[in-house]
Amino acid sequence: MGRLPEKAKAQTQFLEMTLPENSKVIGKTIAELSIPRTAVLVSIQHGDEIIIPRGDTMMHVGDVVTTLCERDTIDAVKILFLSPDGPIENDARKAGDLDA
């Protein structure tokens, strides 16, 4: 398997999050989310199933979301996926550069 260059290791990080019951992304599709441009959804574990996320993939309580993101985007990604109900774009925009 290939390895990331040393510089890339320092700038990026895998982040795994379990979606809580009150996450604002529950019931939304990936396409409806304002995911930062410097973050990529790698996989979603839904029960025993591992899903490669697509635009029409729906988010559910308890899903385990794995992202690869630049370190300076980690807070924005956490806010997007883990914060309670509320505006999806506005909260995350405050913490990082989002895809418009």
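This is a predicted model: local features need pLDDT of at least 70, side-chain atom pairs count only at pLDDT 80 or more; totals for chains, interfaces and linings use all residues.
Trainee: How many bridges join strand 2 to strand 4?

Mentor: Strand 2 and strand 4 run antiparallel and are joined by six bridges. Gln-45 stands opposite Val-64 in strand 4, and Leu-41 stands opposite Thr-67 in strand 4.

Trainee: What do strand 2 and strand 3 form?

Mentor: These two strands form a hairpin, with two residues between them. Gly-47, in the turn, has a positive phi of about 65°. Strand 2 and strand 3 pair over three bridges in the antiparallel sense, and Ile-44 stands opposite Ile-51 in strand 3.

Trainee: Which residues of helix 2 are buried?

Mentor: In helix 2 (residues 74-82), the buried residues are Ile-74, Ala-76, Val-77, Leu-80 and Phe-81. Viewed down the axis of helix 2, they fall within an arc of 160°, so they line one face of the helix.

Trainee: Which residues have the most contacts inside the largest nonpolar core?

Mentor: That core has 18 residues, and those with the most contacts inside it are Met-59, Val-65 and Phe-81. The elements giving two or more residues to this core are strand 1 (12-18), strand 2 (39-46), strand 4 (64-70) and helix 2. Helix 2 gives the most, with four residues.

Trainee: What does Phe-81 touch, leaving aside residues up to four places away in sequence?

Mentor: With those sequence neighbours left out, Phe-81 touches Met-17, Leu-19, Pro-20, Ser-23, Val-25, Leu-33, Leu-41, Met-59 and Val-65. Two of these, Met-59 and Val-65, are also named with Phe-81 among the residues with the most contacts inside the core.

Trainee: Let us turn to a threonine. Is Thr-66 buried or exposed?

Mentor: The criterion for a buried residue is a relative accessible area under 20%. Thr-66 has a relative accessible area of 13% and is therefore buried. Its place is in strand 4. Beyond residues up to four places away in sequence, Thr-66 touches Phe-14, Leu-15, Glu-16, Val-40, Leu-41, Val-42 and Ser-43.

Trainee: Where does Thr-29 lie, and why does Thr-29 count as buried or exposed?

Mentor: Thr-29 lies in the loop between strand 1 and strand 2. Thr-29 counts as buried because its relative accessibility is 15%.

Trainee: Which residues does Thr-29 touch, not counting those up to four places away in sequence?

Mentor: Thr-29 touches Gly-55, Asp-56, Thr-57 and Met-58. The C-alpha atoms of Thr-29 and Thr-57 are separated by 5.2 Å, although the two residues are 28 residues apart along the chain.

Methods:
Residues are numbered from 1 along each chain as its sequence is written. Side-chain values use heavy atoms; hydrogens and water are left out. Buried means under 20% relative accessible area, exposed over 50%, partly exposed in between (1.4 Å probe, protein chains only). The arc is that of the directions from the helix axis to the C-beta atoms. A nonpolar core is a set of buried Ala, Val, Leu, Ile, Met, Phe, Trp, Tyr and Cys residues joined through side-chain atoms within 4.5 Å. Contact means heavy atoms within 4.5 Å. Two strands pair if DSSP finds at least two bridges between them.
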